[in-house]
Amino acid sequence: MNERIMSGDPVLALRGITRTYRQGEEALHIFAGADLDIYEGQIVALVGPSGSGKSSLLHIAGLLEAPNDGEVWVGGVNGVALSDARRTAMRRSQVGFVYQFHNLLPEFSAVENVILPQMIAGVPKRAAREFAMDLLGRMGLADRAMHRPAELSGGEQQRVAIARALANRPRLLLADEPTGNLDPKTSRMVFGELLNICRSEGVAALVATHNLDLAGHMDRVVLLHDGTLHEGTDIAAAYQSL
């Protein structure tokens with residue numbers, strides 16, 4: 001694991017996050033005071049058994065879901081305290097999302113899929129296209145830019161999805177099992193490209209994964225268990241013992 005010591009203010013700071021869901025008469029406590037800091041250019045693996053709440057934590061970190069209590073600081077601003085409109089604006093400008101399934105728009109080409117979020121954010125089409133082509137080139141897809149998703153392999157589609165998530169130059173990238181639907185060789189290739197571009201652009205990233213081999217290549221690994229986050233050198237052993 002490539003552990004990096006960071007200084008300055010974190011890009012993402014979770015403080016005392018609690019989240020409870022109700023199932024009939026039963027209260028299901030997902031988080032009980034979860035705390036986490038992630039800094040510029042730092043990639044953090046989020047591991048834990050299925051059902052532990054990894055996806056919910058990503059949704060809270062990305063301001064898609066509100067905690068019952070606690071604070072979510074992105075770029076020095078507490079998103080929980082914002083209005084819906086300001087929270088949406090922050091999410092659009094500060095946060096990028098990558099999911100296990102690419103969710104590309106099938107009727108548009110790869111480059112158009114990366115252009116669209118920029119145009120929604122107000123970037124002129126020519127500038128949006130130039131940056132989209134730059135991102136696709138860095139992902140090794142310059143010669144596939146005009147192809148639609150159905151004409152791309154699974155690994156190529158996921159690389160387009162990563163480029164799309166980075167299109168608006170977010171400070172924070174949240175990825176939910178981004179290589180979980182790929183074969184091992186393709187998974188390593190796609191994951192390597194994700195790490196390289198996040199580090200080169202100074203993007204903070206929180207990546208939920210079941211793959212402990214990939215997790216070991218990130219800067220830090222945190223384990224979500226019983227509603228809290230645990231960090232240390234024995235994460236892999238702790239995870240496998242659950």
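Residues are numbered from 1 along each chain as its sequence is written. In this predicted model, local features need pLDDT of at least 70 and side-chain atom pairs count only at pLDDT 80 or more, whereas totals for chains, interfaces and linings use all residues; side-chain values use heavy atoms, with hydrogens and water left out.

An open sheet of 6 strands shows mixed pairing and the order 6-7-8-3-9-10. Helices (H or I, at least four residues) and strands (E, at least two) are DSSP runs numbered from the N terminus, and two strands pair if DSSP finds at least two bridges between them. Strand 6 (95-99) and strand 10 (228-231) stand at the edges with a single partner strand each, so one side of each lacks a neighbour in the sheet. From one strand to the next, the twist averages 20 degrees (axes are lines fitted to C-alpha atoms, for helices over the stretch in contact, and angles run from 0 to 180 degrees between N-to-C directions). Strand 3 (residues 43-47) pairs with strand 8 (residues 204-208) in the parallel sense over 4 bridges, and A45 has V207 of strand 8 as its bridge partner.

Helix 5 (residues 154-165) lies across strand 6 and strand 7 (172-176), at about 165 degrees to strand 6. Helix 6 (residues 184-201) lies across strand 3, strand 7 and strand 8, and runs at about 135 degrees to strand 3.

Pockets and cavities were assigned on a 1 Å grid over the protein atoms alone: a cavity is a set of points where a 1.4 Å probe fits but cannot get out, a pocket is an open set with protein on both sides within 12 Å along at least five of seven lines, and lining residues have an atom within 4 Å of a point. Grid points are joined across faces, edges and corners, and a volume is the space filled by probe spheres set on the points. The largest pocket has a volume of about 480 Å³. It is lined by 16 residues, of which V95, F97, P117, R164 and N168 are the closest to its centre. Helix 2 (84-94), strand 6, helix 3 (110-120) and helix 5 each supply at least two lining residues.

The count comes to 1 cavity of 30 Å³ or more, and the largest cavity has a volume of about 40 Å³. Its lining consists of L58, H59, F97, V98, Y99, L174, A175 and D176, with helix 1 (54-61), strand 6 and strand 7 each giving two or more residues.

Key: Contact = heavy atoms within 4.5 Å.
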